[in-house]
Amino acid sequence: MITLQPGLIHHPGLLDRAAQAALLDAIRNIVRASPLFTPVMPKTGKPFTVRMTNCGPLGWVSDQAGYRYQPQHPVTGTPWPAIPASLLDLWQRVAAAAPPPEACLVNYYAANARMGLHQDRDEADLSAPVVSISLGATALFRYGGVSRTDPTRSIRLSSGDVVVIGGASRLAFHGIDRLFPGTSTLVPEDGRVNLTLRRVTLPG
Ligand code: MD3
Ligand code: FE
């Protein structure tokens, strides 16, 4: 357990290979029911290089109208599948004080995908942490402060790593600069899957 900065906790290798493989199997079932879609940037319509889907009562989407959480897949109109019990258990292990997660965003990175520096601020409950699980190729993760111009640092996130983002880091800027090929056999073709568990609404 490594505190990267206040509120940003890295758990390297929290999930062993068997747990990673079981989780990836669960994600394959989710993607079968709720296929990956290509989000686009609000206003410009520029496509993300990351493809996404969700599970849970709410899912995060981005289209020309904006970023939001909604109960249905933006293309099929079907409700998102349930969050697997193993992920709800993981939330209890690392974020037990928070109300349960309502969304699990599934990010699929092909070998050349990346994610620009941004904040996660579409959740009404910003007191709950975000819990991130990395599967597959190692990624170069960059994080900074709550202002876009704050200095940034970079670390590698490997398959099985978990990051808990809360407190003073909940609104920190962050992104994925690149993947490193040949670092994991879990996801075919040097791909990567990142799961983020999120509380969206205020409890009660
Ligand atoms: C720091 N995903 O889905 S996870 C995202 O690896 C996202 O796919 C990245 O950023 C990925 O929004 C990074 C680690 C993470 C997630 C949320 C954060 C770091 C964060 C929120 C605030 C600060
Ligand atoms: Fe993010």
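1. In this predicted model, the buried residues of α1 are Q20, L23, L24, A26, I27 and I30; buried means under 20% relative accessible area, exposed over 50%, and partly exposed in between (1.4 Å probe, protein chains only). These residues lie on the same side of α1, because they cover an arc of only 160 degrees around the axis, taken from the directions from the helix axis to the C-beta atoms. A18 and R32, on the other side of α1, are exposed.

2. The cover over the buried residues of α1 includes β3 (51-55), α2 (85-94), β6 (103-109), β8 and β13 (192-198), with contact meaning heavy atoms within 4.5 Å. Helices (H or I, at least four residues) and strands (E, at least two) are DSSP runs, numbered from the N terminus.

3. Helix α1 (residues 17-33) has 17 residues and should span 24 Å at 1.5 Å a residue; the end C-alpha atoms are 25 Å apart, which agrees. The expected span is 1.5 Å times one less than the number of residues. At the start of α1, the backbone nitrogen of A18 has a side-chain oxygen of D16 within 3.2 Å.

4. Which residues coordinate the iron ion (ligand 2)? The donors are H118 (NE2), D120 (OD) and H174 (NE2), at 2.0 to 2.2 Å. D120 sits in the loop between β7 (115-118) and β8 (130-136), and H174 in strand β12 (residues 174-180), 54 residues apart. Both D120 and H174 are buried. Donors are N, O and S atoms within 2.8 Å of the metal (3.2 Å for Na, K and Ca); water is not among the atoms, so the site may look incomplete.

5. There are six salt bridges in the structure, each a side-chain nitrogen of Lys or Arg within 4 Å of a carboxyl oxygen of Asp or Glu. D120 also belongs to a salt-bridge network with E123, R170 and R198.

6. R199 and E102 form a salt bridge at 3.4 Å, N to O. R199 is in the segment after β13 and E102 in the loop between α2 and β6, so the pair ties together parts 97 residues apart in sequence. R199 and E102 are both buried.

7. D177 and R142 pair at 2.9 Å, N to O. D177 is partly exposed at 29% relative accessible area, and R142 is partly exposed at 25%.

8. On conventions, residues are numbered from 1 along each chain as its sequence is written, and chains are lettered from A and ligands numbered from 1 in the order in which they are written. Local features need pLDDT of at least 70 and side-chain atom pairs count only at pLDDT 80 or more, while totals for chains, interfaces and linings use all residues; side-chain values use heavy atoms, with hydrogens and water left out.

Technical notes:
A polar contact is a pair of N or O atoms within 3.5 Å; within protein, one must be able to donate a hydrogen and the other to accept it, and residues adjacent in sequence count only if both atoms are side-chain atoms.
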